[in-house]
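Visitor: I am new to this structure and would like to learn how to read it. Please take the features one at a time.

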Amino acid sequence: MSRSCISVLLVLVFGAAAFAGNGPFPAPAVDAPLAKTSGQQTTVVAGGCFWGIQAVFQHVKGVVSATSGYAGGSSLTAHYEVVSTGATGHAESVQIVYDPSQVTYGELLRVFFSVAHDPTELNRQGPDEGTQYRSSIFYGSDEQKRIAEAYIAQLDKARVYSRPIVTQVVPLKGFYAAEAYHQNYAANHPDNLYIVYNDAPKVAHLRQQFPDLYTGK
């Protein structure tokens, strides 16, 4: 298969996340309050190979579902082999459906920026390189846009990372679920070397850094 996501290059060769701070990762100063009643809201994020992003958010409290897929391009090109060329405008993305009475949008972004990926890497993530691996937040409402932009500004101002954040905040024009074999890939292939070295540590970091948000489901 042509996709570099299949490679077994160790993430350590390419460096860890650029988080430069000591102590807990800062919570967003601007956030939506917890809803008073249960419901469902949706957001889409991209940060490298969708296997790892999906695996992380499947273990976050309040997340109803996390689906690997493609965002940023046309429905006509939302197919793995075509997206892998890097010429479709798509990013490998994950659609997160969550209960806003259990977890806030800002808390999801806190996980996204701290353990799910390195937001300072431009058009790459660890061993994977290309625009399809870019860091993006695809917002579905003005509120999501406001919270995301405020959080990025907060993190940059505090110099939480040793390098500038390159995450794009762009409107969601469409999300297209990836092929069935990409869904739940980390859970279904825990012994795959790519998962062992690149994605399993992300879930472990989630459990360590955010025990109140981690769920073993």
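Guide: Buried means under 20% relative accessible area, exposed means over 50%, and partly exposed lies in between (1.4 Å probe, protein chains only). This is a predicted model, in which local features need pLDDT of at least 70 and side-chain atom pairs count only at pLDDT 80 or more, while totals for chains, interfaces and linings use all residues. Residues are numbered from 1 along each chain as its sequence is written, and side-chain values use heavy atoms, with hydrogens and water left out.

Visitor: Which side chain does E143 meet in a salt bridge?

Guide: A salt bridge is a side-chain nitrogen of Lys or Arg within 4 Å of a carboxyl oxygen of Asp or Glu. Here the side chain of E143 meets that of R146, at 4.0 Å from N to O. R146 is partly exposed, at 44% relative accessible area.

Visitor: Why are E143 and R146 separated by about one helical turn?

Guide: An α-helix has 3.6 residues a turn, so residues three or four places apart point the same way. E143 and R146 are about one turn apart because they lie 3 residues apart in helix α5. Helices (H or I, at least four residues) and strands (E, at least two) are DSSP runs, numbered from the N terminus.

Visitor: How many salt bridges does the structure hold?

Guide: The structure holds 4. One of them joins the side chains of R163 and D118, at 3.2 Å from N to O. This pair links distant parts of the chain, 45 residues apart: R163 is in the loop between α5 and β7, and D118 is in the loop between α4 and β4. R163 is partly exposed at 38%, whereas D118 is buried at 4%.

Visitor: Is helix α2 mostly covered or uncovered?

Guide: Helix α2, residues 50–57, is mostly covered, with 8 of its 8 residues buried. Those buried residues pack against several elements, including β1, β3 and α4.

Visitor: What is L108 in contact with, beyond its neighbours in sequence?

Guide: Contact means heavy atoms within 4.5 Å. L108 is found in helix α4 and has a relative accessible area of 2%, so L108 counts as buried. Leaving aside neighbours within four places in sequence, its contacts include F57, V60 and I96. L108 and V60 are 48 residues apart in sequence, yet their C-alpha atoms are 8.2 Å apart in space.
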